[in-house]
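Work through the exercises below with the sequence and the model open. Each task is followed by its solution.

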Amino acid sequence: MSQRKIPVMIPMLGEEEAQAAADAVRSGWVAQGPRVARFEQEFAATVGAQHGVAVSSCTTALHLALVLQGIGAGDEVVVPSLSFIATANAVRYVGATPVFADVDLATGNLTAETIDAVRTARTRSVIAVHQGGVPFDTAALRKAADGWGIGLVEDAACAAGSTAYGQPAGAGARIAAWSFHPRKLITTGEGGMVTVDDAEWATRLRRLREHGMNVSAADRHASAQPVLEAYLETAYNYRMTDIQAAVGLVQLGRLAGLVAQRRELAARYHELLAEIDGLVPVRDPAYGQTNYQSFWVLLDGFGAARDEVLAELAAQGVSARRGIMAAHLEPAYADVTAGPLPVTERLTRDSLILPLHHALTADDQAHIVGVLRDLARR
Ligand SMILES: Cc1ncc(COP(=O)(O)O)c(C=O)c1O
């Protein structure tokens with residue numbers, strides 16, 4: 001057995017992040033405050049949006065997006081089953097019904113056709129995911145949603161640094177939700193963001209994440225005179241802390257470099273994997289570029305089954321993962337009658353995610369591909 005241990009992902013955190021977090025602590029302001037405000041502005045500018053509203057996770061960002069759209073009991077929201085389960089869960093948080101649509105085999109993403117196939121008179125919105133960083137066709141889906149007169153929430157949890165039509169993936173989105181979980185390119189430990197272009201929506205989102213208050217705790221604190229806040233609606237505590245935002249600001253400065261490095265590593269994987277039959281690695285779609293948040297490989301006529309491949313990689317010190325999960329196959333969604341989802345089921349059954357992170361070396365990649373080559377020869 002190999003001594004080597006190659007993790008699937010390592011967050012890129014350095015001394016600068018530690019210093020920034022320490023500075024926030026020493027400042028005495030650790031709750032949502034000036035660093036969160038700066039992080040919101042800088043993140044929104046980076047992803048091509050007018051406003052950013054920082055929240056505690058992408059899950060809470062998705063929840064607020066649906067609250068903002070006024071989705072509730074009796075409504076249906078189309079989602080890909082092929083996604084982390086938080087995408088479907090957000091629909092249930094507002095009392096609506098998730099309806100699963102199938103995805104495109106190459107990108108893992110919803111298309112206008114797969115959405116249309118499950119759309120009903122009760123469909124109020126769609127949550128489309130930029131799958132593992134691979135952008136969905138933003139032009140096609142935004143146009144289709146507008147044409148049908150329904151909302152479109154863009155689940156950009158994995159997509160910081162991805163592009164579509166030459167712009168950041170979130171640019172031009174009505175509403176997009178982002179994650180800063182450590183499996184993503186940039187992290188704040190836990191954390192998320194909602195980005196919007198509409199100023200009134202941003203104001204409502206700020207209120208929704210902070211108990212429905214008409215004035216933030218930071219603004220109250222800054223005022224020389226006592227401010228009597230009002231609670232305008234029943235809302236949530238989904239705030240991000242200034243310690244997290246301090247880390248996020250440093251991480252944001254690393255984003256472009258991380259994307260470039262991941263794309264180089266992905267190109268090397270493509271070169272090495274091309275020699276092995278039966279493996280189809282994820283690639284850029286025609287209209288955009290992935291940040292390769294997940295480098296997944298579809299087994300297509302490969303000699304070994306997915307779980308056998310994962311087990312052999314693990315035995316050789318390589319921590320790979322199953323491909324993206326399918327919510328409709330989980331016990332939590334056993335009561336949902338989903339239509340046929342053949343592509344979703346194939347992708348979730350026959351794909352795996354290979355290690356990709358800033359510390360991955362050419363030697364590591366050769367080792368990983370070597371394990372796959374040996375398996376193919378068996
Ligand atoms: C597509 C997608 N949506 C939502 C989430 C939830 O993100 P968070 O962990 O920040 O709540 C994830 C997390 O992996 C995700 O991949």
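**Aromatic pairs and a helix contact**

Phe39, Phe43, Trp178 and Phe180 make up one aromatic cluster. The model is predicted, so local features need pLDDT of at least 70 and side-chain atom pairs count only at pLDDT 80 or more, while totals for chains, interfaces and linings use all residues. Residues are numbered from 1 along each chain as its sequence is written, and side-chain values use heavy atoms, without hydrogens and water.

**Exercise 1.** Classify the pair of Phe43 and Phe180.

Step 1. Rings of Phe, Tyr and Trp (its six-membered ring) pair if their centres lie within 6.5 Å; planes under 30 degrees apart are stacked, over 60 edge-to-face, the rest tilted.
Step 2. The ring centres of Phe43 and Phe180 are 5.2 Å apart and the planes stand at 85 degrees, so this pair is edge-to-face.
Step 3. Phe43 lies in helix 2 and Phe180 in the loop between strand 8 and strand 9, 137 residues apart. Helices (H or I, at least four residues) and strands (E, at least two) are DSSP runs, numbered from the N terminus.

**Exercise 2.** Is Tyr238 buried or exposed?

Step 1. Buried means under 20% relative accessible area, exposed over 50%, partly exposed in between (1.4 Å probe, protein chains only).
Step 2. Tyr238 has a relative accessible area of 15%, so Tyr238 is buried.
Step 3. For Tyr236 the value is 24%, so Tyr236 is partly exposed.

**Exercise 3.** Which residues does Tyr269 contact, leaving aside its neighbours within four places in sequence?

Step 1. Contact means heavy atoms within 4.5 Å.
Step 2. The partners of Tyr269 are Phe295, Leu354, Pro355, Leu356, Leu360, Gln365, Ile368 and Val369.
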